[in-house]
Amino acid sequence: MNPRTVDARGLEPPEPFERAMEAIMALQGGDSFTLLLDRMPHPLLRVLDRDGYLHDERFREDGCVEILISRP
Amino acid sequence: MSSANPGLAYEDTPPLSAPLRFFLTAPLFGIAAGFLLLADADLLVSRWTPGALAAVHLFAAGFMLQVMLGALLQILPVAVGASFPAPLPVATVTHALVGAGAASLAYGLGAGSPNAIIAGGVLLAGGLVTFLAASLLALLRAAPAHGASRTPRDLRLALVALTLTTVLGVVLAFALVRGLPVPFPLPTLVDLHAVWAWLGWGGLLLAATSWVVVPMFQITPAYPARFTRLWAPLTLAVLSLWSAGLLADLDLTVTVLGSLLLVLAGGFAFQTLRLQRNTRRSTPDAPFRAFRLSMFALIGSLVALLLSLFHDAQQWPVLAGVLVLHGTFAGAITAMLYKIVPFLTWLHLTQARVRAPNMKKLLPDNLIRGQIVVHKFALGALFLAVFVPVLTPLAGILVVIEFGWLLLNLLHAVREWHRAVHA
């Protein structure tokens with residue numbers, strides 16, 4: 001398990017998407033990482049669903065979105 | 001842990017051509033409005049001249065409405081998770097009906113053709129009913145909204161206002177042309193239609209979109225939670241009460257509530273300017289500055305409206321219209337298009353697993369900067385033309401160049417997308 005966190009808050013699109021995709025591409029089977037964003041990334045979630053990645057997202061108290069992304 | 005998100009099927013994302021057809025057609029209506037200004041130096045002497053009515057509807061129903069509908073096709077799935085059923089057929093039908101309706105309505109109003117006015121109203125209403133029905137289905141299918149964002153709720157409120165604007169517009173067309181009996185004076189209906197269109201529909205949509213787009217693309221802090229929680233419901237509530245007061249002929253109520261609406265609209269502009277002052281951008285780019293100018297234009301339009309309450313001169317309502325339609329909405333929409341179109345192009349390429357060019361290559365800064373300079377000159381010329389009618393044709397030329405250049409810039413992004421897909 002990879003406990004890494006990718007903080008993509010405060011960046012102009014498409015940089016958050018690009019950073020997330022870089023981290024996703026680097027995942028090995030069984031690995032995961034936490035992604036921090038300013039808002040719920042619906043397009044990214046669609047890509048994760050399409051490509052078979054697992055994701056668990058929640059809104060934090062400070063309003064940002066925390067997503068645990070795993071490769072099965 | 002979830003592996004699937006049932007409300008968010010990737011296949012339901014509209015193809016790029018769905019919103020793009022609206023974005024690429026919209027500037028043609030701006031160009032047409034420019035030609036009208038060019039042809040008639042007296043167009044801006046009163047809000048009631050046939051040319052002014054035609055130009056207003058070319059801007060509002062042709063340019064603004066088209067971009068807003070195209071943007072909603074993309075914003076509802078991306079920001080709200082509400083995917084349209086059959087997005088391409090919905091886009092095709094809506095685009096054809098709204099485009100033809102706006103053209104027919106503007107021609108009818110400008111040339112005094114009753115049949116064209118009725119045909120335009122019916123076509124527009126048909127397109128909007130199609131779009132509203134599809135939006136309703138999309139919102140019903142959407143996963144429940146979480147988090148602090150008020151965008152999903154406020155988009156729904158804007159759609160309610162669009163429904164009322166449409167009904168008022170159709171009633172007005174039939175009352176004007178076919179003598180449909182209505183229990184209110186026609187100028188009252190015109191005011192209701194106009195204020196629900198620009199503040200109820202346009203204002204709420206601009207605000208709902210700004211809650212997301214301003215912090216996202218202009219790298220500002222988020223709008224204060226209390227402000228976004230209250231602004232749209234309060235505006236809609238005051239607008240409803242103001243409308244009731246207008247219909248009941250309660251002068252004092254209308255003046256007080258009308259002033260409150262000006263304060264609410266001004267509050268949105270000042271709040272946005274305050275956020276922009278706290279941007280984390282080291283150098284504001286051209287769309288950022290265009291958006292800021294649109295907020296100043298909004299404040300200017302409110303001052304003009306305020307002056308029109310105390311002074312009978314014909315210029316104040318015309319100036320307010322120029323500052324709202326061209327200064328505020330055309331400015332803000334142009335600034336948003338320059339962020340949304342390259343981003344959507346990039347996103348669709350990436351989702352299709354095509355190597356996407358850098359966003360700056362999809363739509364280079366120098367092209368954007370030049371077009372926005374022309375927008376500023378056009379706004380300045382329109383402002384002066386309200387008081388010096390002989391300048392109206394000059395303003396028309398600048399408006400033609402402004403929207404022609406906007407169209408060319410958007411086509412540049414489409415060409416880059418096409419090149420990347422076929423590389």
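**View 1. Helix H2 (residues 50-80) of chain B packs against helix H10 (residues 315-351) of chain B at an angle of about 30°, with their axes 11 Å apart.** This is a predicted model, in which local features need pLDDT of at least 70 and side-chain atom pairs count only at pLDDT 80 or more, while totals for chains, interfaces and linings use all residues. Residues are numbered from 1 along each chain as its sequence is written, and chains are lettered from A and ligands numbered from 1 in the order in which they are written. Helices (H or I, at least four residues) and strands (E, at least two) are DSSP runs, numbered from the N terminus. Axes are lines fitted to C-alpha atoms, for helices over the stretch in contact, and angles run from 0 to 180 degrees between N-to-C directions. The angle makes H2(B) roughly parallel to H10(B) (under 35 degrees; over 145 is roughly antiparallel, 65 to 115 roughly perpendicular, the rest oblique). The crossing is left-handed (the near helix is turned anticlockwise from the far one by less than a right angle; clockwise is right-handed). Contact residues (C-beta atoms, placed from the backbone, within 7 Å) include Phe59(B) and Phe63(B) of H2(B) and Leu325(B) and Phe329(B) of H10(B). By class, this contact has 14 nonpolar, 2 polar and no charged residues (nonpolar: Ala, Val, Leu, Ile, Met, Phe, Trp, Tyr, Cys and Pro; charged: Asp, Glu, Lys and Arg; polar: the others, Gly among them).

**View 2. Helix H1 (residues 17-39) of chain B crosses H2(B) at roughly 165°, and the axes come within 8 Å.** H1(B) is thus roughly antiparallel to H2(B). The crossing of H1(B) and H2(B) is left-handed. Their contact comprises 19 nonpolar, 7 polar and no charged residues.

**View 3. Helix H9 (residues 286-310) and helix H12 (residues 365-387) of chain B cross at roughly 20°, with axes that come within 9 Å.** H9(B) and H12(B) are therefore roughly parallel, and their crossing is left-handed. Among the contact residues are Ala290(B) and Leu293(B) of H9(B) and Asp365(B), Arg369(B) and Lys376(B) of H12(B). The contact divides into 8 nonpolar, 1 polar and 3 charged residues.

**View 4. Helix H1 (residues 15-25) of chain A has Pro16(A), Phe17(A), Ala20(A) and Ile24(A) as its buried residues.** They lie on the same side of H1(A), because they cover an arc of only 95° around the axis (taken from the directions from the helix axis to the C-beta atoms). A residue is buried if 20 or more other C-beta atoms lie within 10 Å of its own, exposed if 12 or fewer, and partly exposed in between, with C-beta atoms placed from the backbone. The buried residues pack against strand E1 (5-7), strand E2 (32-37), helix H2 (42-51) and strand E4 (65-70) of chain A. The face turned away from the buried side carries the exposed residues Glu15(A), Glu22(A) and Met25(A).

Notes:
Two residues are in contact if their C-beta atoms, placed from the backbone, lie within 7 Å.
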